[in-house]
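Hello,

Here is the structure I promised to pass on to you. My notes on it follow below.

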Amino acid sequence: MARGSLLLLAAALLALAPAAVRAQAKKWSNALDFLQAQQDLRIISAQLSYFPYLQLALANPAFKGTVFCPSDKSLLASRPGVTAAQVIAEIKRSHYLSVSDLEMVTLWRTLIMHVVPNVTLVNSAFKRDMQLQPLYSRDTGDYISVRSTGPTVLGPGSRWVYNPETEEETLSDVKITRSVRVTPSVMVHVINDTFFSSVAPMDPYYLLPLDEEDRWSSYQKLANLSSHRELLAGPWAPFMEPRLTMLMPTDEAVAAFLESSGTSFEQLAANASALDTFVGAHILPAQGLWQWDLMNIAAINTTVTTLAGTQLRAVTDLESVWLVGAGGWRAQVTPKSDYGGNKAACAASPGHTDTSDYCGDYTSVGHLVARVLL
């Protein structure tokens, strides 16, 4: 399912949901309800529309957490002469036009940096040197620090500030300008800056790397022997690169599958029909699905179809993603990249050879899965 279709379907579900956004005077049923009712939070509300799974999570009355919301004024500080209405118009247009994957991963990492799940932090709960764990902090190492209290000052902010006393540059302070207890389990703090998230350049994804074949994984070797090789080997002219999502099973997953099915690597490789089914069951054609795309699919409870014709459903806890097969089994998905500060697959062509262009807007996304998807 294309990204645009996911966004439209999720928007329809939000409109029909019991907790739909219908702001009443100082009465809100959930976090998203509150955000979309605030005239100084229009930009972040619009940015959330890129990620329906986050919208649906914040619209869930059962959600518990603390949400930090940069005000429109703070988000416009680096864009003099630009209004909130113009930024929102840009966001709406981009749903129907191209948005680079690097822009998307930067926005995604920034937004999830501002959601601290499972804890409702009122102002009096902040203590100096406290470390707050936003979504994905367990993988990225990004934390929000309480630098001082009374008033509360947090960090790291998004701007580098020169300190003449130490002659060093440090990331700016972030101050809380307004706090609202939206529900008993949700606290929203409006802030005057965005938190800094360490979105590092991502390694390109290769299905069939340009090195010695004995270093390939078991799945890479099988893919190279299948009829799908021509789809995966490359390189191609840019306009001919295939758009796909690769769900590569680990060597341990392939070994467990072969043992449980009573066959050997050589036997599977020699059976052309079974080999193509095995390889094709781990390819999602015509769409490059990043981690947040899989979470969006989980949120709207739809399925994806592999090249082998099998159906997969996704489930998420907002930090991890599992694929669920027809038999009810679950396989955890891990982005196949040295994410070095971000938790996302790198969109890069399997046959791309220019490693200096580490992560442009390529057509394929790669993930690792902890079991064979059959």
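What share of the contacts in the protein with a separation of 6 or more comes from residues 24 or more positions apart? Such residues account for 65% of them, where contact means heavy atoms within 4.5 Å.

Before the details, please keep in mind that this is a predicted model, in which local features need pLDDT of at least 70 and side-chain atom pairs count only at pLDDT 80 or more, while totals for chains, interfaces and linings use all residues. Residues are numbered from 1 along each chain as its sequence is written, and side-chain values use heavy atoms, with hydrogens and water left out.

**Overview**

The protein has 14 helices and 16 strands; helices (H or I, at least four residues) and strands (E, at least two) are DSSP runs, numbered from the N terminus. Of its 374 residues, 52% count as buried. Buried means under 20% relative accessible area, exposed over 50%, and partly exposed in between, using a 1.4 Å probe and protein chains only.

**Helix H6**

Helix H6 spans residues 84-94, and its buried residues are Ala 84, Val 87, Ile 88, Ile 91 and Ser 94. They sit on the same side of H6, because they cover an arc of only 125 degrees around the axis; the arc is that of the directions from the helix axis to the C-beta atoms. As a reminder, an α-helix has 3.6 residues a turn, so residues three or four places apart point the same way. Helix H3 (42-47) and helix H5 (72-75) are included in what covers the buried residues of H6.

Ile 91 counts as buried because its relative accessibility is 8%. Leaving aside neighbours within four places in sequence, Ile 91 is in contact with Ile 43, Ala 46, Gln 47, Ser 49 and Tyr 50. Ile 91 and Gln 47 are 44 residues apart along the chain, yet 7.0 Å separates their C-alpha atoms.

**The cavity**

How many cavities of 30 Å³ or more are there? The count comes to one, and about 60 Å³ of space lies in the largest cavity. On a 1 Å grid over the protein atoms alone, a cavity is a set of points where a 1.4 Å probe fits but cannot get out, and lining residues have an atom within 4 Å of a point. Grid points are joined across faces, edges and corners, and a volume is the space filled by probe spheres set on the points.

The lining of the largest cavity is made up of Leu 35, Ile 44, Leu 48, Leu 58, Val 67, Phe 68, Cys 69, Leu 111, His 114 and Val 115. Strand E1 (residues 65-70) gives the most to this lining, with three residues. By class, the lining has nine nonpolar, one polar and no charged residues. Here Ala, Val, Leu, Ile, Met, Phe, Trp, Tyr, Cys and Pro count as nonpolar, Asp, Glu, Lys and Arg as charged, and the others, Gly among them, as polar.

**Two buried loop residues**

Phe 126 is found in the loop between strand E2 (115-117) and strand E3 (131-132). Phe 126 is buried, with a relative accessible area of 3%. Not counting residues up to four places away in sequence, Phe 126 touches several residues, among them Phe 68, Leu 132, Val 146, Ile 176 and His 189.

Ser 185 belongs to the loop between strand E8 (174-183) and strand E9 (186-191). At 19% relative accessibility, Ser 185 also counts as buried. A polar atom of the Ser 185 side chain lies 3.1 Å from the backbone oxygen of Phe 63.

**Backbone points to check**

Most residues other than glycine have a negative phi, and most peptide bonds are trans. A cis peptide bond, with omega about 0 degrees, joins Gly 150 and Pro 151, and Pro 151 is in the loop between strand E4 (144-148) and strand E5 (153-155). Gly 155 and Pro 156 are also joined by a cis peptide bond.

Ala 286 has a positive phi near 70 degrees, and this residue is exposed, with a relative accessible area of 64%. Leu 318 has a positive phi near 80 degrees, but Leu 318 is buried, with a relative accessible area of 19%.

Best wishes

Note on methods:
A polar contact is a pair of N or O atoms within 3.5 Å; within protein, one must be able to donate a hydrogen and the other to accept it, and residues adjacent in sequence count only if both atoms are side-chain atoms. On a 1 Å grid over the protein atoms alone, a cavity is a set of points where a 1.4 Å probe fits but cannot get out, and a pocket is an open set with protein on both sides within 12 Å along at least five of seven lines; lining residues have an atom within 4 Å of a point.
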